[in-house]
Amino acid sequence: MDAKNALKTWEMSNSVETISTADEIYRYDKKQQQDILTAKPWEKDPHYFKYIKISALALLKMVMHARSGGNLEVMGLLLGKVDGNTMIVMDSFALPVEGTETRVNAQAQAYEYMAAYTESAKLVKRLENAIGWYHSHPGYGCWLSGIDVSTQMLNQQFQEPFVAIVIDPVRTISAGKVNIGAFRTYPKGYKPPDEGPSEYQSIPLNKIEDFGVHCKHYYTLDISYFKSSMDRKLLESLWNKYWVNTLSSSSLLTNADYTTGQIFDLSDKLEQSEAQLGRGGFMLGMETHEKKSEDKLAKATTDGCKTTMEAIHGLMSQVIKDRLFNQIHLPAP
Amino acid sequence: MATNMEVEYGNPGVMASAGTSGSVSISLHPLVIMNVSEHWTRVRAQEGKPQQVLGALIGKQKGRNIEVMNSFELLFDIIDSDIVVNMDYYNTKEEQFKQVFSTMDFLGWYTTGDEPTESDIKVHKQICRINESPILLKLNPFARHADLPVAVYESVIDLVNGEATMLFVELQYTLATEEAERIGVDHVARVSTSEAGEGSTVAEHLIAQHSAIKMLHSRVQLILEYVKAVQAGEVPKNHDILREAYSLCYRLPVLNTDKFKEDFFDQCNDVCLMAYLGTITKGCNTINQFVNKFNVLYDRQGMGRRIRGLFF
């Protein structure tokens, strides 16, 4: 401990200028990137990129942008670079497109904006290139829809290296954790080796078909985050002011709409599984049917449990606040 | 001669006299702070040594309330050791951000450094050409104290030695509270401490609440210590602080009306109902699985008996 303190005091008194290794990642080495781009190691292996590192700033920007869209999907681009089989996202910026399903048309206006933005960014020493795109799925989870898969396949043909990030601002707030996923598609016709069951996520009934049809065409990347030493300092001091918001926020209130939607969805799923169960009992080949109806009911159960837990968490905070601030018994004068 | 010296040394000539209060209230989003920090880190990593960075602040202004929501970098040239903002670059960027953030306006500019200096005044005058009363945000990357090293200023025109000069007035700011942002900031702040997330979401949730309550507790302790010290005569009485502490105590309990109790219990009941729903669904599922397994076991035997019965 003493040596550490001594080092710190020495560093401070001499205003040591060395950049810590944590901040090295912020330096853009043009030559290194050019070499990687000419070598193109990802062409031989469709599963080349396994990890993705997102900077604290990029994450915050994406979350804020997704949240500002409300219930409409929003879209933007990611800037960054590549390092071995890790993709690194340094920054993100929003694109001026409307959240409609026909996003393929909106690409033209987006391209213009993109070109203008990256040019002006280079002038202020933001030298990274576009490394991917992100969009939001407000309320229905992080996965790639049919259109997303075709867009991403196109991107991976012409703009390699490219990654697709999906963020769900509504589930972020309801679960209290950032709901985000990073994906890369397999090229057409490629049969991926059977990977183990991925983490289950609850998908609303009206989207579940879209999810199921395409879920084998892409794989998820492992996400980790990084921040600079300056960020770390700021975040620590930010906490000194921000703790008030942690206590005062009430997820039950902010998420009332979403919770109601989830309960509706759950009731639909239960109805469906009930129909399945009724039919399954009379067939001789009972085993396969059992599995299906079991699956439906089991999935509906997981969804129900998730919604319940989130509601209970919200109530826990409310009860804590009530105990802290309401149950003070002033002594009778 | 004396006046020249003052202006050169910066500080006395640049800040308005203490006691001048600001005219607007500022609400700052943490995203802006992260933006500035990243800009500074990036330039330092590219150039090898720290440099002063400059940028623009955008957000919404409603009357006397300014909400600073986002920011972007600005290009500047150094001409004769003076910072000159590149207005063409600003105009291009303004077009761009109007496309994406149509509801936001240009509010002011930011830079890195400690106390405001003469050169800041000069840049501020240039910015005044875009927006008549911009605000300045200063981030100090070398601050030693644990407080947030961010300060916000606005400008006033005051009479100093007979001539109208521009001076800075420090403004108080609050941190904007957006739920998703808070979760993002929380997540990123804690990501280095716990690499392998615990399996229990309840524990995570409670840990977050616990940290906040710890802070509250430490603050309350501080006030308590102060009051005890005043009582013991060690510290001089400060009536302002004592008055505020008293009014704080007087506000507890925060809400104790019947209507509140009713609503609170309603909310509790709703959540309990949802818990009931979840539990019953889970129970149904377990029973269903059990029945299916039971059927498989006994029907197999039944099937065998029936087939044997058919043949014999």
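## A bridge between two chains

Which side chain of chain A does Glu178(B) meet in a salt bridge? The partner is Arg67(A), and the N to O distance is 3.4 Å. Please keep in mind as you look around that this is a predicted model.

The pair of Glu178(B) and Arg67(A) joins residues from chain B and chain A, and across the interface of these chains the rule finds two salt bridges. Over all chains, the structure holds 20 salt bridges.

## The interface as a whole

How many residues does each chain bring to the contact? Chain A gives 91 residues, and chain B gives 91 residues as well. Putting the two together buries an area of about 8800 Å², and carbon and sulfur atoms give 68% of that area. There are also 15 residue pairs in polar contact between chain B and chain A, counting pairs with both residues at pLDDT 80 or more.

Now look at the side of chain B that touches chain A. Several elements of chain B each supply at least two residues to this side, among them H3, helix H4 (87–100) and strand S10 (173–175). Helix H6 (179–190), helix H7 (201–232) and helix H9 (258–311) of chain B are also on that list. The largest share, 20 residues, comes from H9(B). Sorted by class, the residues on this side of chain B are 48 nonpolar, 24 polar and 19 charged.

## Two places where helices cross

Two packed helices are described by the angle between their axes and the distance between the axes. Start with helix H4 (residues 56–68) of chain A and helix H3 (residues 30–47) of chain B, which pack at an angle of about 145° with their axes 10 Å apart. Their crossing is left-handed. By class, that makes six nonpolar, one polar and two charged residues.

For another example, find helix H9 (residues 229–248) of chain A, which packs with H7(B) at an angle of about 120°, their axes 9 Å apart. The crossing of H9(A) and H7(B) is left-handed. On the H9(A) side you will find Trp239(A), Asn240(A), Trp243(A), Thr246(A) and Leu247(A). The residues they meet in H7(B) include Ala208(B), Gln209(B), Met215(B), Leu216(B) and Arg219(B). The contact of H9(A) with H7(B) has eight nonpolar, four polar and one charged residues.

## The end of a helix in chain A

Which residues does Leu123(A) touch, leaving aside those up to four places away in sequence? They are Leu75(B) and Tyr89(B). Leu123(A) itself sits in helix H5 (residues 107–123) of chain A. Compared with Pro41(A), Leu123(A) is 82 residues away in sequence and 30 Å away in space, C-alpha to C-alpha.

## A cis bond and a salt bridge

Our last stop is a loop within chain A. Glu160(A) and Pro161(A) are joined by a cis peptide bond, with omega about -10°. Pro161(A) lies between helix H6 (146–158) and strand S5 (163–167) of chain A.

Glu160(A) also takes part in a salt bridge, its side chain meeting that of Arg184(A) at 3.0 Å, N to O. This pair links distant parts of the chain: Arg184(A) is in strand S6 (residues 180–185), Glu160(A) is in the loop between H6 and S5, and the two are 24 residues apart.

Technical notes. Residues numbered from 1 in each chain as written. Chains lettered and ligands numbered in written order. Predicted model: local features only at pLDDT ≥ 70, side-chain atom pairs only at ≥ 80, totals over all residues. Heavy atoms only, no water. Axes fitted to C-alpha atoms, helices over the stretch in contact; angles between N-to-C directions. Helix = DSSP H or I, 4+ residues; strand = E, 2+ residues; numbered from the N terminus. Left-handed = near helix turned anticlockwise from the far one by under 90°. Nonpolar A, V, L, I, M, F, W, Y, C, P; charged D, E, K, R; others polar. Contact = heavy atoms within 4.5 Å. Buried area = accessible area lost by both parts, 1.4 Å probe. Salt bridge = Lys/Arg side-chain N within 4 Å of Asp/Glu carboxyl O. Polar contact = N/O pair within 3.5 Å; in protein donor to acceptor, adjacent residues only side chain to side chain.
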